[in-house]
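The questions below ask how some descriptions of this model are reached. Each answer sets a value against the rule behind the word.

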Amino acid sequence: MIIEELNNILGKAPAFRMKQAYKSVFQDLITDWSENTTLPKETRADLKEACSLDISVEFADSKKSDALKALIELEDGAKVETVLLRHSDGRNTACISSQVGCSLGCKFCATGMLGMERNLTVGEMVAQVLVFARYLKEKKAKHQRITNIVFMGMGEPMMNYQAVMETIRLLNNTDVFGIGARHMSISTSGIIDGIEYLSNEPLQVNLAISLHAPNDVLRSQLMPINRKYGIKDLMNSVKHYREKCGRRVMFEYIMLDGINDAPEHARELAELMQDKLYMVNLIRYNPTGVFKPSKAEKIEQFKRILQRSGVHVTQRHAFGSDINAACGQLATKRNKKA
Ligand code: SF4
């Protein structure tokens, strides 16, 4: 992928050459090296030869909402999906994948059903942002900048920690996309070691926890990783992160009909959320065949119980249900057809 090939070719050149190449690729969004006007002719020829700017991508645009899904075919034929959420206030959030498939097998997740293929490289993660930047430019969108990044696509980012952090540093680099660290979030199913590493990072990246159940019995049924990292240890680790970094922590909670959406679940969740810097994000479930989404009244009731207990609650807009924008769904369909 582009980042790795640029490193191979320009890694030993003076630093300003890499800056020039980054500017062309990630800011001017060139798709052919002949469009570059700053690098020497011979360097352009080397890059044309050994650093392809082509990315094999198919887009699925949602008619119901401002979500755009991209399916990228990688150089080894593996496929990875990524989603762009276009908010009405002008923000563009890229929800990117960190692995092909996932080993953690959460029961509500189509990616989990695929199993684990491999970790993504830094270049493969940066390419997911690049395809959307190119798309917005090509469509002459009103708001063209990618402003926010969430590692919430396929895979568990903490299981590919070093590459994810290197990707974040690159996305933050003003010669690349210049996205502020505070506008980037890592969402984890609760890998405690990763939360610990993140709390020691100099970059102020946000932490989100995919919680989805308020007690160990239910969470272990839905998310097998909970058998290794139970809720008590997870909450202690989050508390430590919060104390060290002083940053808000978002807890994601997918609303599953008749599974985790009862009033007693809301009360249990409220007990876990007694910290002013914790927020709950209730997510309407895009069905993957196993569970059903909670009804709107149930979500409303759940939300009210949390709010009455003083918990800060948001409700994620149901982006892209018509394009299967929950993680792993497009890849699942293609694999079934193949
Ligand atoms: S929800 Fe996340 S951690 Fe769980 S299986 Fe899906 S991708 Fe993996």
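Q: How many nonpolar, polar and charged residues does the shell around the ligand have?
A: In this predicted model, the shell has five nonpolar and four polar residues, and no charged ones. The residues around the ligand are C102, L104, G105, C106, F108, C109, G112, G155 and S189. Cys, Leu and Phe count as nonpolar, while Gly counts as polar.

Q: What makes β10 and β11 a pair?
A: Seven bridges join β10 (residues 249-255) to β11, and the rule asks for at least two; therefore these strands pair. They are parallel, and I254 has I283 in β11 as its bridge partner.

Q: Why are β1 and β12 called edge strands?
A: The open sheet has ten strands in the order β1-β2-β3-β4-β7-β8-β9-β10-β11-β12, with mixed pairing. β1 (56-61) and β12 each pair on one side only. Neighbouring strands of this sheet are turned by 25 degrees against each other on average, direction ignored.

Q: Which strands does helix α5 touch where it packs on the sheet?
A: Helix α5 (residues 122-138) touches β1, β2, β3, β4 and β7. Contact means heavy atoms within 4.5 Å, so α5 has such atoms for each of these strands. The direction of α5 makes about 45 degrees with that of β3.

Q: Why is the unit of β11, α11 and β12 called right-handed?
A: With the strands pointing away from the viewer, a path that runs clockwise from the first strand over the helix to the second is right-handed. The unit of β11, helix α11 (residues 296-308) and β12 is right-handed, which means its path runs clockwise in that view.

Q: What is the angle at which α10 and α11 pack?
A: Helix α10 (residues 263-272) and α11 pack at about 30 degrees, with their axes 9 Å apart. Their crossing is right-handed.

How values were computed
Residues numbered from 1 in each chain as written. Predicted model: local features only at pLDDT ≥ 70, side-chain atom pairs only at ≥ 80, totals over all residues. Heavy atoms only, no water. Helix = DSSP H or I, 4+ residues; strand = E, 2+ residues; numbered from the N terminus. Axes fitted to C-alpha atoms, helices over the stretch in contact; angles between N-to-C directions. Near = heavy atom within 4 Å. Left-handed = near helix turned anticlockwise from the far one by under 90°.
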